Amino acid sequence: MKNRIILIVLISFGLLNSLASCSSMPEKAQPVNQFDVNRYLGTWYEIARFDYRFEKDLDNAMAQYSLNADGSVKVVNSGYNFKKEKWVSVDGTAKFRGDRNTAALKVSFFGPFYAGYNVVALEDYKYALVAGKNLDYLWILSREKTVPDNVKQLFISKAQEIGYDTSKLIWVKQDKKSPFNK
């Protein structure tokens, strides 16, 4: 009986987790279509983000994406914690939530827990606007440590249309060479 209850709890948790991960995008956000994951792979520098606990006190933040053998995406996020004066890194996995040509993914850094990773604007695979699971998560990414003003304004406007309060963006310092950059 005890094993049966544990099994029911685990199945229920799994179902809840999968349902939550399926709707991991702000209501007005639309992921990029005709997305080519192979062109998206590589290094992206974090230009701006909303502050949240997992990236608290990080500058020089970046993400590196590569393809795993099973078709999922290996994610390595890193940055420099300026308060602790040390580099930090965390590995994760991203999976498509549906069609691989749509930039709607779910990413996990902590076991079975996934959150939304949705590319909602993409300029020549050089600049990306990424929406999280809700209006508390937003990133502007670039292949270089800067982004042109016209792209910056385009992404800010797009984020505002979705419902983001862009006054909360933190502009990330990119002034150090990362030991994680391959």
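In this predicted model, strand 4 (residues 86-96) and strand 5 (residues 104-110) run antiparallel and are joined by four bridges. Strands here are DSSP runs of E with at least two residues, numbered from the N terminus, and two of them pair if DSSP finds at least two bridges between them. Across this pairing, Lys-95 sits opposite Lys-106 of strand 5. Residue numbers start from 1 along each chain as its sequence is written, side-chain values use heavy atoms, with hydrogens and water left out, local features need pLDDT of at least 70, side-chain atom pairs count only at pLDDT 80 or more, and totals for chains, interfaces and linings use all residues.

Strand 5 also pairs with strand 6 (residues 113-123), again in the antiparallel sense, this time over five bridges. Here Leu-105 has Tyr-117 in strand 6 as its bridge partner. The two strands make a hairpin with two residues between them, and Gly-111 in the turn shows a positive phi of about 60°.

Now for the charged side chains. A salt bridge needs a side-chain nitrogen of Lys or Arg within 4 Å of a carboxyl oxygen of Asp or Glu, and the count by this rule is five. Arg-49, buried at 2% relative accessible area, bridges to Asp-51 with the closest N and O atoms 3.9 Å apart. Asp-51 itself is partly exposed at 34%. Arg-49 also meets Glu-55 in a salt bridge (3.9 Å, N to O), and Glu-55 is buried at 10%.

Another salt bridge brings together Lys-83 and Asp-57 (3.9 Å, N to O). This pair links distant parts of the chain, 26 residues apart: Lys-83 lies in the loop between strand 3 (73-81) and strand 4, and Asp-57 in the loop between strand 1 (42-50) and strand 2 (58-67). Lys-83 is exposed at 61%, whereas Asp-57 is buried at 19%.

Note on methods
Buried < 20%, exposed > 50% of the residue type's maximum accessible area, 1.4 Å probe, protein only.
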